[in-house]
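Work through the exercises below with the sequence and the structure at hand. Each task is followed by a worked solution.

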Amino acid sequence: MPDETITLEVFRYRPDEAPAEPAFDSYEVPYHEHWVVLDGLNWIKDNADGTLSFRWSCRMGVCGSCGVMINGEPKLSCASFLKEYYPKAVRVEPLAYFPVDRDLVINLEGFLAKLRSVKPWIIRDDVDSTDDGEYRQSPAQLAAYKQHSMCINCLLCYSACPVVGNEPDFIGPAALALAQRYNLDSRDQGNAERQPALGSQDGVWDCTFVGECTEVCPKNVDPAGAIQRAKVSSMLNWYKKMLLPWGQR
Amino acid sequence: MSGPYRPSMPAAWYLRTQPYRVFMLRELTSVFIAGYLVFLIVLLVRLGQGYEQYAAMMESLRSPLAVIAHGLALAAAVFHSITWFNLTPQVMPIRIGEEQVPGAVVAIGAGYLPWLIVSGVILWGVMR
Amino acid sequence: MVAALVVPALVVATGLVLPWLTEPQTQASYDKLHAAVTWWPLRAALFVVVFLSLFHCAHRIRHVLADLGLKGAPRLLAVLCYGAALAGTVVAGMVLVRM
């Protein structure tokens, strides 16, 4: 054990115990300059308390598994260096605005249902035969949606968004940004199919443009921008439907 | 075995972080702007009623209360405008081919510059 | 958008310029202002500004009130907010038409 340690205060919830009261457990974790919070959590699991449960995988910020609240901010535990906080204690909690299954593990079922509801895949009225070759796309057409395609579903944006906290049915930043990613894709023809979800009260119109989702996104997806643009196109869509009810896409 | 733990949303959630507080302030500017618009309508009513009513209203505009109210309205209106123009590039990204026009250019071109011009026109008109 | 462009200058106009930098108490200055507002393009512009800004504010105030906790009767809240904006717009329209 090196001389320097740092305190990690970790949220614990053990539903298999009775009563299952949430609490914080404090651990003295060895401090290394190059360690991230995830290293600290793994040290705890290996050396101090093997019952600690948390998600992680790639440990390099591309899989989206390790989202947690660190000192009240939604962050990837693999991308948060201990030296940012040393020598102060680090408070680790599960991502905000989600039900907690155990310790730092949140329940994702609600989010997955919301994601499915926006149909985040290429939808075509007419599917060309593969004999005709691939669907071609210019660099400019790719640039139109590429930023929003970088989402790793880490859900930090959900934990930053007060509307997610206040309105449980709000579809949320990541799902709406992904819907927009497909609406902007030149190969896609599914805008009309996505409109019922996007244009609903639980869709883009619940968003009040707080903008924190974009601030915390580790992949620069800019979900806030995607949603505002989706509002504009949802509105234009509505006017088109009202004024020109025939010939819909 | 208990089910998932579901923490509740704190009532004063908007006070908890700096970004949330700034957001709430930004949204509350609409209260001041709405209040100013009501005043503007009253001013138009007085203007239409005739010289005496208009002069009486102008007299009351010189009171300390009116000055303070206008000061607050101005602060709210300016904060509203600045936050609005700064967000414009996010709402309206302009792309030329593959390249994205820098945010500052959009904010100035579609926001600050028109603001300057319109304000200039209004103030010049009123000065006459 | 309209509110962001126009309102700050209007506040300065009615709060500073009109009461302090011009001589509002004179019949001449009243006549000038009244004549200007009777000019149809300006009447229309004022109406548009008031109409759009009132509805924009009503929309945001409605959401702010919901965020602050008034979530019990969302329909009623919407009716009150947009109804107030509509009332203000109608009054402004009537005043401007009869100017």
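This is a predicted model: local features need pLDDT of at least 70, side-chain atom pairs count only at pLDDT 80 or more; totals for chains, interfaces and linings use all residues.

Residues are numbered from 1 along each chain as its sequence is written, chains are lettered from A and ligands numbered from 1 in the order in which they are written, and side-chain values use heavy atoms, with hydrogens and water left out.

**Exercise 1.** Describe how domain 1 and domain 2 of chain A meet.

Solution. 
1. Take the bounds: domain 1 covers 5-106 and domain 2 covers 109-243; such bounds come from an automatic or database domain assignment.
2. Locate the domains: their C-alpha centres lie 30 Å apart.
3. Count contacts (heavy atoms within 4.5 Å): 15 residues of domain 1 of chain A touch 16 residues of domain 2 of chain A.
4. Find the buried area, which is the accessible area (1.4 Å probe) that two parts lose on being put together, summed over both. The two domains of chain A bury about 1,000 Å², 71% of it on carbon and sulfur atoms.
5. Name the residues: in domain 1 of chain A, P74(A), Y97(A) and F98(A) lose the most area to domain 2, together 50% of what that side buries.

**Exercise 2.** How many residues does each chain bring to the contact between chain A and chain B?

Solution. 
1. Chain B brings 20 residues and chain A brings 32 residues.
2. Together chain B and chain A bury about 2,100 Å², with 62% on carbon and sulfur atoms.
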